[in-house]
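Hi everyone, thanks for coming. Please have a look at the structure on the screen, and then I'll walk you through a few spots in it.

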Amino acid sequence: MSMICSFCGKPMKEVTKIFSAEEAHICNECIETCSMVLRKDELKLARDEFQKGLKVPQKLKEHLDNYVIGQEEAKKVLSVALYSHYKRIDKPVFKDVEIEKSNIMLIGPTGSGKTLLAKSLARIMDVPFTVADATALTEAGYVGEDVESILSRLLAAADFDIDKAQKGIIYIDEIDKIANKSESSTSGRDVSGEGVQQGLLKILEGGEVYVPLKGSRKNSTAETVLFDTTHVLFICGGAFVGLVGDEKTKSDKESKKMGFLKEETTDKSDEVESKDLISFGLIPEFIGRIPVVAMLNELSIEDLVRVLKEPQNAIIKQYQALFELDGVELEFSDDALHSIAKSAEEKGVGARGLRGIIEKIMLPLQYDLPSREEVQKCFITKDFIEGNEEIQLEFYKKDKEAN
């Protein structure tokens, strides 16, 4: 009697092979179908397990939206890079393929949100994160910090857990300040320029480096640990003043805006290329280790108004909280916020300068109002900011106090 598959009912002659148990049979076709179903379930389970929390790119961007206004493309680039970083940490080698990291360069004018983007990432990281300043770095053997000090900070951020630190993220600010300055009027070696770039090459690409556990400089007595940077993600940021476009063909006003793209600009010829960065003073080997470049636009007045009031930790919200602790309700008119934003735009300080402007406006009120218990509400207007009228105050009614 010919065997028949207990699952699909096909006889032996219609399939390649049938496997038998005591009372059941299964053909090769049903085995392949079951295998495919199991594989799909495994992939779905692995994806669901991996994508817990805020790790998928869209969720990461939504989180950044709570803190950073505008810069949509830069946020997408960072979100994808971080998601890939998580996958790289989880599966450094997948099906015999080694997944390499893609370090990131953020380029944009001062006050456009480069550092804020990096700091906002720290709020959602379950990997160690640290911020370093390239201006403090010098070539090995000179006064300043060795490049290994960056890794020391990451190690400290990981509570000196070397395994955790080796999967962390480092943001290096002011990276444009280590451009080659050999053509300038300064004499001697460029110990804080090309020398630093050379020193960063190994840790950017991935390699084993001896890192001091404490302090910023290695010496014969310092305790060191071997640090593998293969899976450390580096994000570099800089203003790169005058990098994009031919400055000779721009007006003075455009030149002051450093040639960066407006949000509505779509001219591909203005995009940053490797040759632009080389001309600026970065060596080709350094650029080659940072393949992803994200451009940040200069913030418009409307963007700056949104920065003042929309983010989760917006400056206006912070001041409202401070005044509320003194029992005073603080309110800004729309034209007042526009005036503050316009002042920041005219000074060319971007979002970074907003706090300084508001500090100057609010200082007299912060000094005076805590002593005035009768004040219920403080209303900030454009005329008050411009010095054309006194502050508008509302007071608690005395009959309520009497009751």
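Let me start with a question: does Glu 310 count as buried, partly exposed or exposed, and what is its relative accessibility? Keep in mind that this is a predicted model. The computed relative accessibility of Glu 310 is 39%, so the residue counts as partly exposed, since that class sits between 20% and 50%.

Where is Glu 310 in the chain? You'll find Glu 310 in the loop that runs between helix 11, residues 301–309, and helix 12, residues 315–324. Now, what does Glu 310 touch once we leave aside its neighbours within four places in sequence? The contacts are Ile 69 and Lys 317.

Let's move on to helices 2 and 3. Helix 2 covers residues 57–65 and helix 3 covers residues 72–90, and the two pack at an angle of about 130° with 8 Å between their axes. At that angle, helix 2 and helix 3 are therefore oblique to each other. Their crossing is right-handed. On the helix 2 side, the contact is made by Pro 57, Leu 60, Lys 61, Leu 64 and Asp 65, while helix 3 brings in Glu 72, Lys 75, Lys 76, Ser 79, Val 80, Leu 82 and Tyr 83. If you sort those by class, you get six nonpolar, one polar and five charged residues.

A search of the whole structure turns up 13 salt bridges, and one of them pairs Glu 72 with Lys 61, with the closest N and O atoms 2.6 Å apart. Glu 72 belongs to helix 3 and Lys 61 to helix 2, so this pair ties together parts that are eleven residues apart in sequence. How accessible are the two partners? Glu 72 has 34% relative accessibility and counts as partly exposed, whereas Lys 61, at 15%, counts as buried.

Next comes Asp 65, whose side chain meets that of Lys 75 in a salt bridge at 2.5 Å, N to O. Here again the pair links distant parts of the chain, with Asp 65 in helix 2 and Lys 75 in helix 3, ten residues apart. Asp 65 is partly exposed at 29% relative accessibility, and Lys 75 is buried at 1%.

Lys 75 also forms a salt bridge with Glu 72, and there the closest N and O atoms are 3.6 Å apart. Both of these residues lie in helix 3, three residues apart, which is about one turn of the helix.

For my last stop, let's go back to helix 12. Helix 12 packs with helix 14, residues 354–368, at an angle of about 20°, and their axes are 11 Å apart. That makes the two helices roughly parallel. Helix 12 passes helix 14 in a right-handed crossing. Residues in this contact include Ile 315, Tyr 319 and Phe 323 of helix 12, and Leu 354, Ile 358 and Met 362 of helix 14. By class, this contact has nine nonpolar, two polar and two charged residues.

Note on methods: Residues are numbered from 1 along each chain as its sequence is written. This is a predicted model: local features need pLDDT of at least 70, side-chain atom pairs count only at pLDDT 80 or more; totals for chains, interfaces and linings use all residues. Side-chain values use heavy atoms; hydrogens and water are left out. Axes are lines fitted to C-alpha atoms, for helices over the stretch in contact, and angles run from 0 to 180 degrees between N-to-C directions. Helices (H or I, at least four residues) and strands (E, at least two) are DSSP runs, numbered from the N terminus. Angles under 35 degrees count as roughly parallel, over 145 as roughly antiparallel, 65 to 115 as roughly perpendicular and the rest as oblique. A crossing is left-handed if the near helix is turned anticlockwise from the far one by less than a right angle, and right-handed if clockwise. Contact means heavy atoms within 4.5 Å. Ala, Val, Leu, Ile, Met, Phe, Trp, Tyr, Cys and Pro count as nonpolar, Asp, Glu, Lys and Arg as charged, and the others, Gly among them, as polar. A salt bridge is a side-chain nitrogen of Lys or Arg within 4 Å of a carboxyl oxygen of Asp or Glu. Buried means under 20% relative accessible area, exposed over 50%, partly exposed in between (1.4 Å probe, protein chains only).
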